[in-house]
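Visitor: I am new to this structure and would like to go through it step by step. Please show it to me.

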Amino acid sequence: MGVIDYLSHYFSVSPSHGKTRKPMQTVEIKVKMDCDGCERRVRNSVTYMKGVKQVEVNRKQSKVTVTGYVDRNRVLKKVQNTGKRAEFWPYIPYNLVAYPYIAQAYDKKAPSGYVKNATQALRSPNALDEKLTSLFSDENPNGCSIM
């Protein structure tokens, strides 16, 4: 197997025009869809794009998931060309966030089980509950220990 791998670097079957193939990725977009016509218009706008392998539309969550060899921004532009207001999916499952219910991450518009994808969603180190937690911590050399 080593000889074939070695020789395959010197001989190429595919034409090399300088173009590289886009990586396979999943693009999730939030689009407000009210009826079957809206859903069909959004689905048809991205289904026939070059490189699209699968399109899933969830009208209840207002979510469109496109999987394939596509560019994120081109998919967003295609959906926006339908006349709908679209943005990249801003929510992630709440169990992937360290503190899902602080002000930066909590969103009442989020579907159940999701919170806003906020990278700055960290507690303030000067918060009262952080101070109390570190007061009795084993890592704090000046902290109290209760036995």
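Predicted model: local features only at pLDDT ≥ 70, side-chain atom pairs only at ≥ 80, totals over all residues.

Visitor: In which hand does H2 pass H3?
Guide: Helix H2 covers residues 36-47 and helix H3 covers residues 72-80. The crossing in which H2 passes H3 is right-handed.

Visitor: Which word describes how H2 and H3 lie to each other: parallel, antiparallel, perpendicular or oblique?
Guide: The two helices pack with their axes 9 Å apart, at an angle of about 140°. Angles over 145 degrees count as roughly antiparallel, those from 65 to 115 as roughly perpendicular, and those under 35 as roughly parallel. H2 and H3 are therefore oblique.

Visitor: Which residues make the contact of H2 with H3, and how do they divide by type?
Guide: From H2 come Val42, Ser45 and Val46, and from H3 come Val75, Lys78 and Val79. By type, these residues of the contact divide into four nonpolar, one polar and one charged.

Visitor: How many helices and strands are there in the protein, and what pattern do they follow?
Guide: The protein has four helices and six strands. Read along the sequence, their pattern is α-β-α-β-β-α-β-β-β-α.

Visitor: In what order do the four strands of the open sheet lie?
Guide: S1 (residues 25-31) pairs with S3 (residues 63-68) in the antiparallel sense over six bridges. S1 is also joined to S4 (residues 86-88) by three bridges, again antiparallel. On the other hand, S2 (residues 52-58) pairs with S3, antiparallel and over six bridges. The order in the open sheet is S2-S3-S1-S4.

Visitor: Which are the edge strands?
Guide: In the antiparallel sheet, the order is S2-S3-S1-S4. An edge strand here pairs on one side only, and that holds for S2 and S4.

Visitor: Which strands does H2 touch?
Guide: H2 packs on the sheet, and its direction makes about 165° with that of S2. The strands touched by H2 are S1, S2 and S3.

Visitor: Which residue stands opposite Gln25 in S3, and which stands opposite Lys30 in S4?
Guide: S1 and S3 pair over six bridges, and in S3 the residue opposite Gln25 is Gly68. Three bridges join S1 to S4, and in S4 the residue opposite Lys30 is Glu87.

Visitor: Which residue takes a positive phi in the hairpin of S2 and S3?
Guide: S2 and S3 pair in the antiparallel sense, and the bridge partner of Asn58 in S3 is Lys63. The hairpin has four residues between the strands. The residue with a positive phi near 60° is Ser62.

Visitor: Is Thr65 buried or exposed?
Guide: Thr65 is found in strand S3, where six of the six residues are buried. Thr65 points one way from S3 with Lys63 and Thr67, while Val64, Val66 and Gly68 point the other way. Beyond its neighbours within four places in sequence, Thr65 has contacts that include Thr26, Val27 and Gln54. Its relative accessibility is 13%, so Thr65 counts as buried.

Visitor: Is Asp34 buried or exposed?
Guide: Asp34 is found in the loop between S1 and H2. Its C-alpha atom is separated by 7.6 Å from that of Arg59, 25 residues apart along the chain. Relative accessibility for Asp34 is 56%, so this residue counts as exposed.

Note on methods
Residues numbered from 1 in each chain as written. Heavy atoms only, no water. Axes fitted to C-alpha atoms, helices over the stretch in contact; angles between N-to-C directions. Left-handed = near helix turned anticlockwise from the far one by under 90°. Contact = heavy atoms within 4.5 Å. Nonpolar A, V, L, I, M, F, W, Y, C, P; charged D, E, K, R; others polar. Pairing = 2+ DSSP bridges. Buried < 20%, exposed > 50% of the residue type's maximum accessible area, 1.4 Å probe, protein only.
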